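Please keep the sequence and the three-dimensional view at hand while reading.

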Amino acid sequence: MSLACTDEALIEGLIQEIGSGSVSTDPEVLAESSHDFGKLTSDYQLPLAVVFAERVEDVQAALRLASEAGVSVVPRGAGTGVSGGANTITRCIVLSLERMNRILEIRVDDEVAVVEPGVVNADLNNAVAKHGLMYAPDPASYQQSTIGGNVATNAGGLRCAKYGVTKDSVLGLEVVLADGTLISTGRNTFKGVAGYDLTSLLVGSEGTLGIVVSATVRLRYLSEKNCSIAAVFTDVAQAAAGVVAIARVRVQPAILELLDVGTLRVLDATYGSDLSARGGALLLVRTDGHGAEIEAAIIRSALENLGAQVTAAGDEQAVKLIEMRRASRGDGQDDQYRVGEDVAVPRSAMVEFMRTLSQIASRNRVMVRIVAHAGDGNLHPTFWVDPEDGPAGVSRLDAALEESVRAALAVGGTITGEHGVGTVKREWLGWEQSPEVVELQRKIKAVFDPQGILNPGKAIV
């Protein structure tokens with residue numbers, strides 16, 4: 001049978017088993033579903049079809065048929081990723097999970113929820129809030145990103161300073177393997193050590209080992225009391241000293257974010273604020289729980305002792321600033337002339353690393369601004385050049401980016417804190433991991449996906 005017939009037969013089989021309303025070959029739909037916000041690679045091509053799964057059986061059928069046809073499968077959630085994990089490749093189908101958006105269970109007494117992968121993070125939080133609970137991971141895209149996508153990349157967020165990243169809230173998964181087999185991993189309890197921890201292996205695997213069709217997640221207490229603090233500093237070094245000061249008074253904030261002056265200018269332009277005129281860096285802090293006010297007072301005192309301009313207790317400006325921070329990396333700059341990074345370094349190395357980023361930008365004649373999840377050393381520097389610089393500017397941009405990643409590794413950091421490897425960071429994985437570790441991951445991939453059809457070219461080299 002010819003290649004064209006094989007592809008046509010696959011599409012016909014998908015329509016027969018899943019339904020014509022759930023399989024699209026419309027060029028506009030193919031284009032819309034073919035990428036996330038990550039940079040496209042040379043093997044990018046529109047998919048053969050997009051399958052909009054609504055049931056577990058749809059996922060099983062799609063994978064079984066794709067496996068039989070030898071066609072790759074690229075899973076997709078909301079498409080908010082920035083590392084190319086949902087970018088299509090030659091001869092593939094996209095398996096969209098956005099219609100699998102039901103909250104299957106909320107077990108209040110167990111503090112557990114069971115959700116399908118298409119459930120939007122914010123929708124889950126809204127549903128459990130009425131029970132005095134929350135789902136802790138909250139990436140900046142929480143109003144659009146799905147739990148399945150969060151699981152795929154092991155997403156972090158603002159609250160990860162206190163509550164950890166996605167893997168710290170996932171207890172168990174239901175996963176469809178490449179041949180259509182459905183398996184369950186993990187448990188319904190907070191504790192459990194039976195067998196290998198396949199759940200943790202699957203979290204962050206970016207759809208290369210299996211397709212998550214449901215997740216059992218741990219819920220946390222939603223505090224009735226929280227206190228927000230905004231502290232303006234003269235520069236980033238002083239703000240970073242504020243992070244150290246908070247650690248030394250032994251208070252663990254729920255949120256601890258650092259914004260440099262370049263980011264403050266973006267906020268000013270977006271919201272009409274005057275933050276950049278007031279100082280060179282901003283620290284945003286939130287405490288929660290019954291001791292929120294006591295902890296906030298301790299933090300406020302520690303920051304004032306450093307000379308920061310600190311908002312008073314009960315000042316709603318700090319609350320607004322935290323919400324503004326969620327959009328602080330966006331502006332009108334063309335992405336061709338701007339690259340955002342996601343590296344993490346030991347907190348003790350954060351101040352010096354920020355200085356290094358400024359030096360890298362100066363050396364390569366590019367501009368830089370920084371947002372950081374300062375509570376855990378996860379930094380998001382954004383480098384950009386003037387579009388008038390053209391290809392030469394893009395080359396300098398690429399050089400600065402690579403230099404910043406190597407600098408993070410040099411101080412004991414990692415190439416990705418929460419966005420995943422995808423295709424964008426795949427070439428750098430060998431800088432961080434030894435050949436032996438990379439080869440072991442390839443062998444694990446081969447056990448789960450012998451034909452290599454699940455999101456090939458992503459996450460591992």
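Tyr196 lies in the loop between strand S9 (182-186) and helix H7 (198-202). The structure is a predicted model.

- Tyr196 is exposed, since its relative accessible area is 78%, and the cut-off for exposed is over 50%.
- Together with Leu198 and Leu201, Tyr196 makes a nonpolar surface patch of about 340 Å².

**The strands S8 and S9**
- Strand S8 covers residues 170-176 and runs antiparallel to S9, to which five bridges join it.
- One of the pairings links Leu173 to Thr185, its bridge partner in S9.
- S8 and S9 form a hairpin, with five residues between the two strands.
- Within the turn of this hairpin, Gly180 has a positive phi of about 100°.

- Thr216 belongs to strand S10, which spans residues 211-218.
- Is Thr216 buried or exposed? Thr216 is buried, because its relative accessible area is 10% and buried means under 20%.
- Neighbours within four places in sequence aside, Thr216 is in contact with Val112, Ala113 and Val114, with Ser169, Val170, Leu171 and Gly172, and with Arg187 and Asn188.

**The loop between H2 and S2**
- Phe37 is placed in the loop that connects helix H2 (27-32) and strand S2 (49-52).
- Phe37 is exposed, with a relative accessible area of 60%.
- When residues up to four places away in sequence are not counted, Phe37 touches Gly79, Thr80, Gly81 and Val82.
- How many residues apart in sequence are Phe37 and Glu111? They are 74 residues apart in sequence, and the distance in space is 34 Å from C-alpha to C-alpha.

**The two sides of helix H12**
- Helix H12 consists of residues 316-325, and its buried residues are Ala318, Leu321, Ile322, Met324 and Arg325.

Methods:
Residues numbered from 1 in each chain as written. Predicted model: local features only at pLDDT ≥ 70, side-chain atom pairs only at ≥ 80, totals over all residues. Heavy atoms only, no water. Patch = residues over 30% accessible without salt bridge, like charges linked within 9 Å, V, L, I, M, F, W, Y side chains within 5 Å. Areas by Shrake-Rupley, 256 points an atom, 1.4 Å probe, with all protein chains shown as cover. Salt bridge = Lys/Arg side-chain N within 4 Å of Asp/Glu carboxyl O. Helix = DSSP H or I, 4+ residues; strand = E, 2+ residues; numbered from the N terminus. Buried < 20%, exposed > 50% of the residue type's maximum accessible area, 1.4 Å probe, protein only. Contact = heavy atoms within 4.5 Å. Pairing = 2+ DSSP bridges.
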